2 protein chains.
Amino acid sequence: MKQTAGALLSSIRLDRSSRRSISVQLYQGLRDVILSGGLRAGERLPATRTLAKETGVSRTTVIDAIDRLVAEGMLVSRVGAGTFVSDTLDRERPPPVGDAARPSGGKQPRLSYAIGHAGADFARRSWLPHRGGAFVTALPALEAFPMAHWSRISARLMRAERGVMMGYGEPKGYAPLRRAIAMHLNVLKGMNCDPGQIFVTSGAQQAFSLIGQLLLNPGDRVWMENPGASGARNAFLAEGADLVPVRVDDEGLVVSDGLQKAPHFRLAFVTPSHQQPLGHVMSLSRRFELLKAAEDAQALVVEDDYDSEFHFGSAPQPALSSIDANERVIYVGTFSKSLFPALRLGFIVVPPRMVEAFDRLFMDWASGPPTMTQAITADFMDEGHFATHIRLMRRLYKARYEALMEASAQLRGAVEVQQTSGGFHTPARLAPGIDEARVVAQAAQKGVTLVPLARYCLAPLDKAGLVLGFGCATPEDISHGISVLRGLPEIAAQLDQ
Amino acid sequence: MKQTAGALLSSIRLDRSSRRSISVQLYQGLRDVILSGGLRAGERLPATRTLAKETGVSRTTVIDAIDRLVAEGMLVSRVGAGTFVSDTLDRERPPPVGDAARPSGGKQPRLSYAIGHAGADFARRSWLPHRGGAFVTALPALEAFPMAHWSRISARLMRAERGVMMGYGEPKGYAPLRRAIAMHLNVLKGMNCDPGQIFVTSGAQQAFSLIGQLLLNPGDRVWMENPGASGARNAFLAEGADLVPVRVDDEGLVVSDGLQKAPHFRLAFVTPSHQQPLGHVMSLSRRFELLKAAEDAQALVVEDDYDSEFHFGSAPQPALSSIDANERVIYVGTFSKSLFPALRLGFIVVPPRMVEAFDRLFMDWASGPPTMTQAITADFMDEGHFATHIRLMRRLYKARYEALMEASAQLRGAVEVQQTSGGFHTPARLAPGIDEARVVAQAAQKGVTLVPLARYCLAPLDKAGLVLGFGCATPEDISHGISVLRGLPEIAAQLDQ
């Protein structure tokens, strides 16, 4: 049944308080009427005078809206005859598909095989909290960041040469930042890398994705620490990799376990300087064992060094990459912990023989972080603020760690917090009678964040536990958190008297 | 043959002007000697006193260096007996591989099949220049950017709540930015999207990569405009897609050509608002034809809207996405042209039925731009500076375009610059006698940048041409550029008398 112009137009809502002009609203309203089939192809539009009266706007506004639709080809104007809905519409417009006509599963796009398959195995990440407290993991002490220096450098760079700061930056990363990173790694991690080996990424996550895209084929076997980090795991899964959970003990990845499960592996993912999340430092003999296994299998090793700046002892362990005589180790670093997560700044150090392949990757289709972010970080490092910040944070995290160890004595019998040599989280073992999931839920109800060890597991572990963060929790937060834990039914029942 | 300690130690170079402490240098030097096999497993180190004398540093420094090596497990200290190279080393260390022993092609890592295969077909990008001038493409007028506003907003945000600005941001993008983008698109592009449909990316390039990873399978046929943009092309190739070059004419993508070459396509990539690089606006009838073809093939369409803010007429074309009744179009936008390239900020607008899949992608393994970058952009938009900037730039680019058209009359007979309706580049046709590559080379010698049309081609075109950028060139630059072109041997010979 044909509707009158008035009825049609009454479906157009004009909102005078909107930021969009009335003319734009009218244009969009008419367009919706046409696209929904309310006005058919070839149909004549009411006169602009009529439209103006019906919609209560000026004729100029109506003409303006109609002009846009004519320019766009929705309407055609015929001299002396009026304005008509374009014939094009009926010939070409696909029939609108009602929900009933949708193919089954039509609510889902067709995913790639790899993602569709991997999706089920992805480690679910939740949006990490941006507020500190006991016992949030992965978040540094934001309140202690020297924002004044950062802000001053930023302001200065915004007055710097516009071409450099605003134009297309060097694809592999801002050169002064790559120089600063190389110097930092060579001094602190015993490495001997050249700025040309460094590629700046949008956080470690992009690094893992790019490594996976460049080097993994569907079905490739990848050794993953179990328990282990979830970011790399998902990135490799997305490339169709076949992940092999490999045991971890006090010396780090158990290489013999990997060799038994998958001798022909393509890649091994490790966190040698501070196993994520168990906290062990990989022993030297294991390091050599891993490098030998990689050499034998012609495999590669990804070394994820996410927080080793914060060691409590006199000097950090050198990077695995620093003893890699055969160019098998790809090192991934991040500023998420040493500066702050929202920077989304990480980097890859590739062995010399791989520089060319990565150069092409970055030149042809990768896209890194904003130049400004990179330039502020470079100046922050060059001016010495980075080294100072790390030194101060080491002390602060050590103090928080000690506060945690001291307070946790109150949980004796129920929760045993493990010692660690650095970083800002440490695992805790639960007494056999305590259920991991239940204690996490009970703590959450009291506003205390606990991360279950299970979240890091690719394959079931024989031990239950928690991962306790202390980086963004003051000693008071920690002390409060421990007393909350003491009071939880799941824990109280197991405490030593 | 055994070397003396003195000979060994002489290979260690200590540089007192270096930023690394002498102790660190000594530690690294000793380490290199050990790792290179200069000191064997079980071998005794000379006394610290001897080492101090041989290297000319204090004994404390030597002890410090040795302590690090002991802590690291490279050396072992036996009470009363001295310090020895760890036995671990010989058992575990893989034999260093000399160049001769390397497998052939050992300089290259094993790439993924997809990348290895795609690599040969990648459109080579060069590092885009960050200095303006005639006839650089893709670079906006950096000198006209209101940096004072940007800088003020930045300074204010650095004093804002640290948790929000520094912690882990929302994976799909900073909510106020997604709101501002939705409003912008709804007003300017006739779209009707919700902030929940928007995903913020590290430039359009990351958007193309993520779309490819999520939705393409190896062998999937993808319609690409020919000539067309190279960023998306490489991203899809990297996923193993089978690219189908589809012809482009004055109305945009020739849908019938695509249907003839690959009726069962999975994805079509188009630049409907301003064909990259030919500059045509896709006609409405082609738009409907494309949507119908996508619906018939159950395919998706990627709409790359890289510069449509800068139209010279009264209003820009609405997005293809705005007439997409069947949720087939994924819209990709960027701030590289409307703000500046070094921001590395882009976004994806996905149809409602795909939101869940993209949400999971971003939640589980994608990594976006820094929160600060997103927050500054959001405030810049909310305060109205974005709209003002675009309005001013439209005028400025139009003036530059007119300067180009006027000056190019001097090239009549040799170079015919095509009219365009917006953006900041336009193609130019070369007279039959002129060689594209030769004119580009001759201009480069005179300091003038010309981009050959061939750079945008996936399959050979029947016409030779150039793409002339005018966004970052003042009218003086343009006038100078044209007189340089007039003087080139390749062009001068063809000019009308």
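Is Phe310(B) buried or exposed? I looked this up first in the predicted model. Phe310(B) is buried, because its relative accessible area is 1% and the cut-off for burial is under 20%.

**Entry: surroundings of Phe310(B)**

I located Phe310(B) in the loop of chain B between β8 and β9, the latter spanning 329-334. Leaving out residues up to four places away in sequence, I listed the contacts of Phe310(B); among them are Lys337(B), Ser338(B), Ile390(B), Met393(B), Arg394(B) and Tyr397(B). The list also includes Ser421(B), Gly422(B), Gly423(B) and Phe424(B). I then checked Val417(B), which lies 107 residues from Phe310(B) along the chain; their C-alpha atoms are 19 Å apart.

**Entry: Glu303(B)**

I next turned to strand β8 of chain B, residues 300-305, which contains Glu303(B). Glu303(B) is buried and has no salt bridge. I found Arg287(B) to be the nearest side chain of opposite charge, at 5.0 Å. The side chain of Glu303(B) does reach the backbone nitrogen of Leu320(B), at 2.7 Å. With residues up to four places away in sequence excluded, Glu303(B) touches Val270(B), Pro272(B), Ala319(B), Leu320(B), Ser321(B), Val329(B), Ile330(B), Tyr331(B) and Val332(B).

**Entry: chain A**

I noted three domains in chain A: domain 1 (3-92), domain 2 (172-378) and domain 3 (388-495). The centres of domain 1 and domain 3 of chain A, taken over C-alpha atoms, are separated by 64 Å. In an unreviewed entry, UniProt lists residues 20-88 of chain A as "domain: HTH gntR-type". I recorded that span as 54% helix and 12% strand, with its end C-alpha atoms 28 Å apart.

How values were computed
Residues numbered from 1 in each chain as written. Chains lettered and ligands numbered in written order. Predicted model: local features only at pLDDT ≥ 70, side-chain atom pairs only at ≥ 80, totals over all residues. Heavy atoms only, no water. UniProt positions renumbered as here; feature names shortened; annotations may be inferred. Helix = DSSP H or I, 4+ residues; strand = E, 2+ residues; numbered from the N terminus. Domains from an automatic or database assignment. Buried < 20%, exposed > 50% of the residue type's maximum accessible area, 1.4 Å probe, protein only. Lys, Arg positive; Asp, Glu negative; His and termini not counted. Salt bridge = Lys/Arg side-chain N within 4 Å of Asp/Glu carboxyl O. Polar contact = N/O pair within 3.5 Å; in protein donor to acceptor, adjacent residues only side chain to side chain. Contact = heavy atoms within 4.5 Å.
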